[in-house]
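Hi,

Here is the structure I promised to pass on. Have a look at it first, and then read on for what turned up.

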Amino acid sequence: MTHQTHAFHMVNPSPWPLTGAFSALLLTSGLVMWFHYNSATLLSLGLLANTLTMYQWWRDVIREGTYQGHHTPIVQKGLRYGMILFIVSEVFFFAGFFWAFYHSSLVPTHDLGGCWPPTGITPLNPLEVPLLNTSVLLASGVSITWAHHSLMEGKRNNMNQALLITILLGVYFTILQASEYFETSFSISDGIYGSTFFMATGFHGLHVIIGSTFLIICLLRQLNFHFTSKHHFGFEAAAWYWHFVDVVWLFLYVSIYWWGS
Amino acid sequence: MVWSASPSSSRNERSYWTHAQRHKCGFLLQALRQIAQRTVSTTSRRNFENKVSEKQKLFQEDNGVPVHLKGGASDALLYRLTMALTVGGTAYALYQLAVAAFPKKQN
């Protein structure tokens, strides 16, 4: 029986990159079928195959790290680089939507009335629910930091509570934002204002949902004793992602909700 | 809110059964008490007991099984389902592409 004499991780052959790639084909072709031929079958197949791939791929990463011990310090370093680079790519993704917003709002065209917000658009009051949303996410940033410190200090009950509070705040934000979407007097089709507003806040909301899901997985892992006070990179990755989501909201609030009104 | 194994509760359980026996509360009543205590307390404890070392043993077994199948029969089932959806879906996508590429002529 030969065993490795190095600290790196040589992964077992896995089917998930293949199923992931093909599920992306099903998702994209599914969107075409849904938009143009009024059929949601392919899209549903794609969503299901994609979800199953994500579940099994990340389940395997947990097996490799927590159960098989493959996440040595140098492997963990690679995982850290990976998460950081992914978040940087997401920053660039949002930069595009902010570029579009500022391009249209700094020099509003004649057909908008030469002003921002455009003529006929009644923006949401930034001091009402949007401000509450800001405080909710800022508070969740505090609670997740409390959770991290509790984890590092071995305070199990504190960690569980703080992580739960963070998740509940994330869910609260999502509910509030969803209700705000019904409150707007404008829709996504209402000119460039509607487009920039809903694309930027919509993708942000999706990222809040993704972040909350990641945190829920962390809570389940924490309850099942996966994390130690010294080794809990999954939680740190979730915390980084959550802080990123919070910062994007702050930019959204200041630019679109506040300056943009 | 957090379930945790606490030594004090198991001590109470043992003294409770002894109390029932001592006061001759009847075999049936005692049995019911034992079942109630066992299901309530151990169910919650069973949910969040540290089973990591068992999992470590299972996944470190030197049997040559790749990690995506190493958990057992349910792994194979889920893999087959995912692969079936992927392959089937791809075939369906290619079929729809063929249908879309060669529209039926209408007179």
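Leaving aside neighbours within four places in sequence, which residues is A:Trp249 in contact with? This is a predicted model, and in it the partners of A:Trp249 are A:Pro130, A:Asn133, A:Thr134, A:Leu137, A:Phe173, A:Gln177, A:His204 and A:Tyr257.

A:Trp249 also belongs to the largest nonpolar core, which has 48 residues. Along with A:Leu163, A:Phe197, A:Leu215, A:Phe235, A:Phe244 and A:Leu252, A:Trp249 is among those with the most contacts inside this core. Helices 3, 4 (129–152), 5 (156–183), 6 and 7 (233–259) of chain A each supply at least two of the core's residues. Helix 7 of chain A gives the most, with 15 residues. Apart from this core lies another, of seven residues, and its members include A:Leu42 and A:Leu52 as well as B:Leu85 and B:Ala93.

Now to a pair of helices. The axes of helix 3 (residues 73–106) and helix 6 (residues 191–223), both of chain A, come within 8 Å and cross at roughly 160°. Because of that angle, helix 3 of chain A is roughly antiparallel to helix 6 of chain A. Their crossing is left-handed. On the helix 3 side of chain A, the residues that meet helix 6 of chain A include A:Glu90, A:Phe93, A:Phe97 and A:Phe101; on the helix 6 side, they include A:Met199, A:Phe203, A:His204 and A:Phe214. The residues of this contact divide into 11 nonpolar, four polar and one charged.

A:His204 turns up in both parts of the story: in the contact of helix 6 with helix 3 of chain A, and among the partners of A:Trp249.

Happy browsing!

Key:
Residues are numbered from 1 along each chain as its sequence is written. Chains are lettered from A and ligands numbered from 1 in the order in which they are written. This is a predicted model: local features need pLDDT of at least 70, side-chain atom pairs count only at pLDDT 80 or more; totals for chains, interfaces and linings use all residues. Side-chain values use heavy atoms; hydrogens and water are left out. Axes are lines fitted to C-alpha atoms, for helices over the stretch in contact, and angles run from 0 to 180 degrees between N-to-C directions. Helices (H or I, at least four residues) and strands (E, at least two) are DSSP runs, numbered from the N terminus. Angles under 35 degrees count as roughly parallel, over 145 as roughly antiparallel, 65 to 115 as roughly perpendicular and the rest as oblique. A crossing is left-handed if the near helix is turned anticlockwise from the far one by less than a right angle, and right-handed if clockwise. Contact means heavy atoms within 4.5 Å. Ala, Val, Leu, Ile, Met, Phe, Trp, Tyr, Cys and Pro count as nonpolar, Asp, Glu, Lys and Arg as charged, and the others, Gly among them, as polar. A nonpolar core is a set of buried Ala, Val, Leu, Ile, Met, Phe, Trp, Tyr and Cys residues joined through side-chain atoms within 4.5 Å. Buried means under 20% relative accessible area, exposed over 50%, partly exposed in between (1.4 Å probe, protein chains only).
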